[in-house]
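Subject: the two-chain model

Hi,

Here is the model I promised to pass on.

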Amino acid sequence: MSRPRWFAVRQELSPTRRRLLGGVAFLLPLLLWSIVSYVPFIWHPNIKVIEPGEVSWMRPGLQIPRADFAKEVATAQAAGVRPPTGERANPIYLPPPHAVGRALYTAFTTAPVLKGDLWLHESLAMSLKTIFWGFLISSAIGVPLGILCGAFVSASRLSEPFIDFVRYMPAPAFGALMVAVLGIHLEPKVAIIVIGTFFQQVLVVANTVRKVDGGLIEAAQTLGAKRRQLVLRVILPASLPDLYNDLRILLGWAWTYLIVAEVVGVSSGITFFINQQAKYRSFDNVYAAILIIGFIGLATDQILAFIGERLFVWKNPRPSRVRRLITSTVARFLPRAPVEEIAPSA
Amino acid sequence: MSTPDPLPEYLRQSPAVAERFAKLKQRPVVMEIDHLGRQFPGAQGPVTALRDISLKIHRRELVCVIGPSGCGKSTLIRIIAGLDEPTSGRMLVDGKETSGPSPERGMVFQGYTLFPWRTVKQNVMFGLQMAGRPSSEAEADARQWVDLVGLRNFADNYPHQLSGGMKQRVAIARALAPNPRVLLMDEPFGALDAQTRAQMQSHLLEIWRNVDVTILFITHDLDEAILLADRIIVLKANPGEIHEVIEVPVPRPRSLDQLQTPEFQATRRRLDELIHPKLHAPSEHLPITRLTQIGDDVE
């Protein structure tokens, strides 16, 4: 018996290997970043001045390209004055991992530079609020409309050509218009997210609904289901798990519109925080804020995926062992549908 | 003894079988297909899938339809179910012309088509709920049907947890629950392995014996047709027409043990002739030449 190979075409990996690779996926970029940050001879294109010597224009902490610094040192030595000293450094826009790691915490505890500006957690709350309303409003109209388009060809022909047309207009292009109509605060930002999400959403939902097995619809018809029942009792439940996944993906989509939405009108939310920090050259905080967006995205997605598995038991013949463990733990607090594993022979 | 019988063997019926057919024909006609035709638009003018199909099926009769692939048997059953429209002719159930699908014509599909989000019991309840029956009543009814197909212990399982044979039993229970006049079955056991198929055939006969339902069954399996049917409708392709109607001389109750009886074999030979007339023609051989060493023959 040979050990299973790491690279076998379309072969499943053992759970241990899967987890290992999942960890490496995060560790590898971190490792790369660490090497570039901590090993001086890899990159470090600048010299950070420690002591300016007798060069009048240099200040401690100033960063200069290495070649320029060397020239200054040579000039100073030739003139017989005290040369500056410095150490190799990466540009200020690439802080080392430990600085960003610290910033993940300190970004929350440092007061805003200007009085009246928002703290990081307030900015985040603002962003989440924008996303929440944008996505909710978009879904409240987009999902039912998409289902109608998927179920009825006439609804699809009536709306989809126009939606296809609008879909190609970049949502930020509506920014100025939305500010004129809705003011400068939360409303135009929500509107941008709605515009960015809605049109895609209708098409994606309609497509998913169209993929419902025609056999199920025919079976329901021979069992006496009429039009309304076909939509509500067959098409809707049949496409629900896929719709749920669509919404998960579209939520990620909404996040990408957040950044452009937040510069519309009065700049706000996490984007404002990032821009402010960049202005003060606190790039560690910028990275921290971007990472936090990533964490929030990943966490919501994982939570939604987990809830999805609970909601659609009938869709998941074999949940993974880890999932089953978590599920059974959580199941104690949730109403549970009776499911047993059965051997396929009877 | 030595007097030559003018009838071919497959038409000879024992007195008991003949009497059964006589009685059957006195039963009321449940379903009548009247000069039914179906054309599809094609690139070179319309293609005739079915032509002039006329058929009367009596109450509690079990009729099988067989034919070569492309003979339109699936089109026929879809038209009967109301899932497709005929281009000519009409269909009557209990003397009334039909239009569109209706629970009076229940259907079992080859692909099971169970609702995956509903448990076995909820699947069976579907037709009852569509008919507006209160759910407690529907549930009690459904439970009976689930018991009847032998799935009592699986009533609360989801379809993905069942084997193919079990799924098809659920589909049968689901189609029977709203009390259809006719049960239409479109190659229902085609996707099952041989063993399960044999089991399902005897299950179906049992169900049919105990339930007041008329069955129209489509298959391409000759043995299956003989084992199940009172009458076998043989279709031919291009265009799909009724080739011959055979009253199966095999006595009831049927079982797989009858496979070797002379009546069974005679019927089978006749069906073979009708369906595969050119099986030994030279065109059935591949234009292949020897690619192995001499002396390394397998036959």
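What share of the contacts in chain B with a separation of 6 or more comes from residues 24 or more positions apart? The figure is 70%, where contact means heavy atoms within 4.5 Å. For chain A, residues 24 or more positions apart make up 67% of the contacts with a separation of 6 or more.

Some housekeeping before the rest. This is a predicted model, in which local features need pLDDT of at least 70 and side-chain atom pairs count only at pLDDT 80 or more, while totals for chains, interfaces and linings use all residues. Residues are numbered from 1 along each chain as its sequence is written, chains are lettered from A and ligands numbered from 1 in the order in which they are written, and side-chain values use heavy atoms, with hydrogens and water left out.

**Chain A**

Chain A has 12 helices and three strands. Both kinds of element are DSSP runs numbered from the N terminus (helices are H or I with at least four residues, strands are E with at least two). The radius of gyration of chain A is 28 Å, whereas a compact globule of 346 residues would be near 20 Å. That radius is taken over C-alpha atoms, and the globule rule is 2.2 Å times the number of residues to the power 0.38. Along its principal axes, the C-alpha trace of chain A spans about 100 × 70 × 40 Å.

Of the 346 residues in chain A, 36% are buried (buried is under 20% relative accessible area, exposed over 50%, partly exposed in between, with a 1.4 Å probe and protein chains only).

The strands of chain A form an open sheet of three in the order β2-β1-β3, with antiparallel pairing. Its edge strands are β2 (63-65) and β3 (85-89) of chain A, each pairing on one side only. From one strand to the next, the twist averages 40°. Strand β1 (residues 46-51) of chain A is joined to β2(A) by three bridges; two strands count as paired if DSSP finds at least two bridges between them. Within that pairing, A:K48 stands opposite A:Q63. Helix α2 (residues 66-79) of chain A packs on the sheet and touches β1, β2 and β3 of chain A, with its direction at about 95° to that of β2(A). Axes here are lines fitted to C-alpha atoms, for helices over the stretch in contact, and angles run from 0 to 180 degrees between N-to-C directions.

**Chain B**

Chain B has eight helices and 10 strands. With a radius of gyration of 21 Å, close to the 19 Å that the globule rule gives for 299 residues, chain B is as compact as a globular protein of that length. The C-alpha trace of chain B spans about 70 × 55 × 50 Å along its principal axes, and 48% of the 299 residues of chain B count as buried.

Chain B divides into domain 1 (11-104 + 180-284) and domain 2 (116-179). The C-alpha centres of the two domains of chain B are 26 Å apart, and 15 residues of domain 1 of chain B are in contact with 12 residues of domain 2 of chain B.

Two hairpins may be worth a click. Strands β1 (residues 29-40) and β2 (residues 47-58) of chain B run antiparallel with eight bridges, and B:R38 stands opposite B:L50. Six residues lie between β1(B) and β2(B), and B:G45 in the turn has a positive phi of about 75°. β1(B) is also joined to strand β4 (residues 88-93) of chain B by five bridges, with B:D34 and B:R90 as bridge partners. The other hairpin is β9(B) and β10(B), with four residues between them and B:N238 in the turn at a positive phi of about 50°.

B:T113 sits in the loop between β6 (105-108) and α3 (120-130) of chain B. B:T113 is buried, at a relative accessible area of 8%, and its contacts beyond four places in sequence are A:G215, A:L216, A:A219 and B:R174.

There are zero disulfides over all chains (a disulfide is a pair of cysteine sulfur atoms within 2.5 Å). The cysteine sulfur closest to that of B:C64 belongs to B:C71 and is 13 Å away, too far for a bond.

Cheers

Key: Domain bounds come from an automatic or database domain assignment.
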